[in-house]
Amino acid sequence: MTRKRLLIICVLLCVILFACGTEETDPEPSGSETAEPSGSETTEPSEGEGDDISALLFRREDITGVDIPVERRRMRVFSAVANEAESEAILDQLFNADISEFTDADLAGAEGVAVRFMIRTEGAARYLQIIKGDNALYIVINDYNPQFIVLDGGEPIRMKGPADSFDFDELDRLMGDVMRNESDPDYSGTVTIMESGEKLAVKKADCAYARSHLDTAVDELGTADGDADALYDIEFKIGGTLYWINSETGQFYRDEAGEIMYAQLEDQHLRIVGTHLGVRKMVS
């Protein structure tokens, strides 16, 4: 009987010791598992986040073109259009700049020279100005719409940052190169004086100024019916658009993709167009 009791006690002790030695603990999370962050934890920004201008403009891969705004008349902005190579050079400068130190600011002190670009995507455009102040650069960005150059439903973006964050002189040079380009077959212009056959190259900026007066006249008083007896002695061609102008009366018509519209320039506007096209007889 004593042996039997001792055997039972030994068996019970073994069971108790085995249970204590194999108690389970919670496993460490594996590398593929993500623990829920506590309220005091913060998420670090990804590398490069907020460092370039894409957060304020558009993703570079969505951009379809760059223009240099030259003249604003009525409801339209007329621009010198950068070709692909010119656009890429400008975008390289804009997107390679580090804007991580830019902060929201007013424009006090932003009274220096400025570079300006209209950045376009398929469905939107933003007007970017970079202003050179005394010891800083200022960024001003507006959404573009035909009536106002303002952010849709809000204030323009205004920021201030270090003077060396952008290569301002290079951006200024690139902007000037676009405006002075007179050999771009798509966006520069050509004038032919019919009497002499003389041909003149027209810079992109001058094309924009001239078109601002011509197209505004069409927008305001244009008609599809022209004067059958009118004579035209100046041909102005830019891309696929053709203007025939009477240098004395200011009568002209515009042929844009086969759509012909007639209008007339007042004397003052005729002289301005002649100045930008380099046609002396339109200025005198």
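Two strands are taken to pair if DSSP finds at least two bridges between them. In this predicted model, strand 4 and strand 5 form a hairpin with 4 residues between them. The chain holds 6 helices and 13 strands, and buried residues make up 40% of its 284 residues.

**Overall fold**

- Of the contacts between residues at least 6 apart in sequence, 62% join residues at least 24 apart.

- Strand 4 (residues 114-120) pairs with strand 5 in the antiparallel sense over 7 bridges. Within this pairing, R120 has A125 of strand 5 as its bridge partner.
- Strand 5 is also joined to strand 6 (residues 136-143) by 7 bridges, and these two strands run antiparallel. Here R126 stands opposite D143 in strand 6.
- Strand 5 and strand 6 form a hairpin with 3 residues between them.

- An open sheet is built from 6 strands in the order 9-8-10-11-12-13, with antiparallel pairing. Its edges are strand 9 (198-202) and strand 13 (259-264); each has a single partner strand, so one side of each is left without a neighbour in the sheet.
- From one strand to the next, the twist of this sheet averages 20°.
- Within the sheet order, strand 11 (residues 241-245) and strand 12 (residues 251-256) run antiparallel and are joined by 5 bridges. L242 stands opposite D255 in strand 12.

**Salt bridges**

- The count of salt bridges comes to 20.
- D92 and R60 form a salt bridge in which the closest N and O atoms are 2.8 Å apart. D92 lies in helix 2 (residues 84-96) and R60 in the loop between helix 1 (2-21) and strand 1 (65-73), so the pair ties together parts that are 32 residues apart in sequence.
- D92 is partly exposed, with a relative accessible area of 33%, and R60 is partly exposed at 24%.
- D67 and R120 form a salt bridge, with their closest N and O atoms 2.9 Å apart. This pair links distant parts of the chain, with D67 in strand 1 and R120 in strand 4, 53 residues apart.
- D67 counts as buried because its relative accessibility is 10%, under the 20% limit. R120, at 26%, counts as partly exposed.
- The side chains of R59 and E61 also meet in a salt bridge (3.8 Å, N to O). E61 is exposed, with a relative accessible area of 59%.
- A network of salt bridges links R76, R211, D215, D219, R254 and E256.

**The setting of D233**

- D233 is placed in the loop between helix 4 (204-221) and strand 10 (234-238).
- D233 has a relative accessibility of 18% and therefore counts as buried, the limit being under 20%.
- The side chain of D233 makes a polar contact of 2.6 Å with the side chain of S247.
- Leaving aside neighbours within four places in sequence, D233 is in contact with T192, I193, M194, I245, N246, S247 and K281.

Technical notes: Residues numbered from 1 in each chain as written. Predicted model: local features only at pLDDT ≥ 70, side-chain atom pairs only at ≥ 80, totals over all residues. Heavy atoms only, no water. Buried < 20%, exposed > 50% of the residue type's maximum accessible area, 1.4 Å probe, protein only. Polar contact = N/O pair within 3.5 Å; in protein donor to acceptor, adjacent residues only side chain to side chain. Contact = heavy atoms within 4.5 Å. Axes fitted to C-alpha atoms, helices over the stretch in contact; angles between N-to-C directions. Salt bridge = Lys/Arg side-chain N within 4 Å of Asp/Glu carboxyl O.
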